[in-house]
Amino acid sequence: MDDRDGVIWLDGEWLPWRDAKVHLLTHTLHYGCGVFEGLRAYKTDHGAAIFRLRDHTDRLFRSAHIMCMKIPFDKDILDRAQCEAVSRNNLSSAYIRPMCFYGSEGMGLHAKGLKVHVMVAAWEWGSYLGAENMARGIKVRTSSYTRNYVNSVMCKAKANGNYLNSILAVQEAVEAGCDEALLLDHEGYVAEGSGENVFIVRRGKLYTPDLTSALEGITRETVFTIARENGLEVVEKRITRDEVYVADEAFFTGTAAEVTPIREVDGRTIGEGGRGPITEKLQSLYFDYVHGRRNDHQDWLSRVG
Ligand code: PMP
């Protein structure tokens, strides 16, 4: 990813893509203490627009607050950098990655007196779990790795180090011939995917785990809104893995994964084994909103130009 044309924002300046480098003794590189976001910009009739930009920036600041990192820029500056990361790289649709990380002033774990750097990059990134899987659904495997325990790392923070657990889980799932992992919490209840929130559908109602050990997903919240506005009930509750096995439908939500149907979990077919009708409806509404094809919720979109 390092060898391409374009620019990356670092601490208020635009650097040529290939020159956007850090020192080998960068603290975050060693210990994973940083916070980041993932957003998408979509093509709309008025050019590219970022979906729920300020909500992501707000979460970045909440993550930094939890990790006691002081971001040396205000939200308006970061929002502008994210818009410009799309426009300056001439992208009509994009995945956007802001990250706050510690510098190389020292290696102590206390991270005292370290400079907080902020970067923003944007590039084109298609369907995270495969374009054909958006209709067909994915194969999922329950992970042998327990989701991050709530008092071990901070689950409300989108913190770099939290993703060690995700990477172990997704690598195990892919090694086993699946597309994604489903992680359970330390008590054995369903938490989330490696980078997605999870929903099941049963008898016309949507269920999703509460947020004890899952990230507070912005797509999850978007799906709540869209579902309720379309007469669907959404219930947050503890979910067991066998509730997923007997669900009529299941799907993952996330900025990267968007709304991805799940067709199989641990070798059990979910529902009819493809994209169920409620998943299809929500997925289609989601794509309408992100592309600005509906008149309501235009405030979810920030034009980049
Ligand atoms: N859970 C985890 C662990 C994630 O990494 C993500 C992606 N940010 C999500 C859930 C979904 O969050 P969002 O919808 O805000 O992208």
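I began with the buried residues of α2: Leu53, His56, Thr57, Arg59, Leu60, Ser63 and Ala64. I call a residue buried if 20 or more other C-beta atoms lie within 10 Å of its own, exposed if 12 or fewer, and partly exposed in between, with C-beta atoms placed from the backbone. Around the axis these residues cover an arc of only 160°, so they sit on the same side of α2. The arc is that of the directions from the helix axis to the C-beta atoms. An α-helix has 3.6 residues a turn, so residues three or four places apart point the same way.

A note on the source: this is a predicted model, where local features need pLDDT of at least 70, side-chain atom pairs count only at pLDDT 80 or more, and totals for chains, interfaces and linings use all residues. Residues are numbered from 1 along each chain as its sequence is written. Helices (H or I, at least four residues) and strands (E, at least two) are DSSP runs, numbered from the N terminus.

I checked the length of α2 next. Its 14 residues, 53–66, should span 20 Å at 1.5 Å a residue, and the end C-alpha atoms are 20 Å apart, which agrees. The expected span is 1.5 Å times one less than the number of residues. Cys68 follows α2 with a positive phi, near 60°.

Then I turned to α8. I found Ile278, Thr279, Leu282, Gln283, Leu285, Tyr289 and Val290 buried in α8. Seen down the axis, they fall within an arc of 165°, so they line one face of the helix. Their cover includes β4 (39–44), β5 (47–51), β11 (197–202), α6 (218–229), β14 (249–254) and β15 (258–265). Just after α8, Gly292 has a positive phi of about 65°.

Which residues are closest to the ligand? They are Leu215, Gly217, Ile218, Thr219 and Thr255, in a shell of 15 (C-beta atom, placed from the backbone, within 6 Å). The largest share, 3 residues, comes from α6. Both α6 and β14 supply at least two. I count 3 nonpolar, 9 polar and 3 charged residues in the shell.

Last, Lys237, in the loop between β13 (234–236) and α7 (241–245). Buried or exposed? Lys237 is exposed, with 10 other C-beta atoms within 10 Å. Beyond neighbours within four places in sequence, Lys237 contacts Tyr207 and Asp210 (C-beta atoms, placed from the backbone, within 7 Å). Leu211 is 26 residues from Lys237 in sequence and 9.1 Å away, C-alpha to C-alpha.

Conventions:
Two residues are in contact if their C-beta atoms, placed from the backbone, lie within 7 Å. Ala, Val, Leu, Ile, Met, Phe, Trp, Tyr, Cys and Pro count as nonpolar, Asp, Glu, Lys and Arg as charged, and the others, Gly among them, as polar.
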